[in-house]
Amino acid sequence: KAVVSTQSTGVDEEQRQRNIVKALEQEVETQRGLTRHQEKRCRMLQLEMEEKLTRTKLIYEEKMRGVMPVSVREELEETIAALKAQSSILEQKANILQSELDTRSKRTTPTRTPTRTPTKTPAGSRNQNRSALKARG
């Protein structure tokens with residue numbers, strides 16, 4: 001019986017070692033799965049952060065496009081002021097010239113255009129003649 005119990009103890013020990021190896025292999029697989037999951041999560045977070053950074057850069061660039069350096073803004077404001085002054089001067093000159101023109105037209109007497117005797121012309125020519133007379137008068 002002593003031989004049988006030694007053999008069964010050896011078999012039990014081998015079985016126990018196989019069970020330990022199997023449990024360790026399962027633990028390794030579990031840890032590999034967790035590692036893959038964490039690596040995937042890390043990649044996703046990294047991509048998300050890169051996307052946020054890109055969006056922030058774009059927003060910043062958009063805002064900076066709208067911002068003009070002070071020197072350029074001052075130069076443009078001076079140009080606008082000069083153009084407004086020129087426009088005002090030109091408007092005043094136009095008013096003066098218009099009033100002179102109105103004064104001259106009042107002084108001169110309108111000239112009469114001689115009346116023409118109607119002649120027989122095609123209808124299209126007649127309309128052209130009427131338009132020309134209206135333009136003169």
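Mentor: Helices (H or I, at least four residues) and strands (E, at least two) are DSSP runs, numbered from the N terminus. In this predicted model, the protein chain has 3 helices and 0 strands, in the order α-α-α from the N terminus on. Residues are numbered from 1 along each chain as its sequence is written. Local features need pLDDT of at least 70, side-chain atom pairs count only at pLDDT 80 or more, and totals for chains, interfaces and linings use all residues, while side-chain values use heavy atoms, with hydrogens and water left out.

Trainee: In which helix is confidence lowest, and in which is it highest?

Mentor: The term pLDDT denotes the predictor's confidence in each residue, from 0 to 100. Here the lowest mean, 53, belongs to helix H3 (residues 123-136), and the highest, 91, to H2. For the protein chain the mean pLDDT is 81, with 73% of residues at 70 or more.

Trainee: What percentage of the residues of the protein chain count as buried?

Mentor: Buried means under 20% relative accessible area, exposed over 50%, and partly exposed in between (1.4 Å probe, protein chains only). Of the 137 residues, 0% count as buried.

Trainee: Which residue forms a salt bridge with Arg-16?

Mentor: A salt bridge is a side-chain nitrogen of Lys or Arg within 4 Å of a carboxyl oxygen of Asp or Glu. The structure holds 5 of them. Arg-16 pairs with Glu-13, their closest N and O atoms being 2.9 Å apart. These two residues are 3 residues apart in helix H1 and therefore separated by about one helical turn. Arg-16 is partly exposed at 44%, and Glu-13 is partly exposed at 33%.

Trainee: How many residues apart in helix H1 are Glu-48 and Lys-52?

Mentor: Glu-48 and Lys-52 are 4 residues apart, or about one helical turn, and their side chains meet in a salt bridge (3.7 Å, N to O).

Trainee: Which residues make the nonpolar surface patch?

Mentor: Patches are made of residues with over 30% relative accessible area and no salt bridge; like charges are joined within 9 Å, nonpolar side chains (Val, Leu, Ile, Met, Phe, Trp, Tyr) within 5 Å. Tyr-60, Met-64 and Val-67 make a nonpolar patch of about 310 Å². Met-64 lies in helix H1 (residues 2-66) and is partly exposed at 40% relative accessibility.

Trainee: Which residues form the negative surface patch?

Mentor: Asp and Glu count as negative, Lys and Arg as positive; His and the chain ends are not counted. The negative patch consists of Glu-74, Glu-75, Glu-77 and Glu-78. Glu-78 belongs to helix H2 (residues 70-107) and is exposed, with a relative accessible area of 57%.

Technical notes. Accessible areas come from the Shrake-Rupley method with a 1.4 Å probe; for residues, only the protein chains shown count as cover. The place of a charge is taken as NZ of Lys, CZ of Arg, CG of Asp or CD of Glu.
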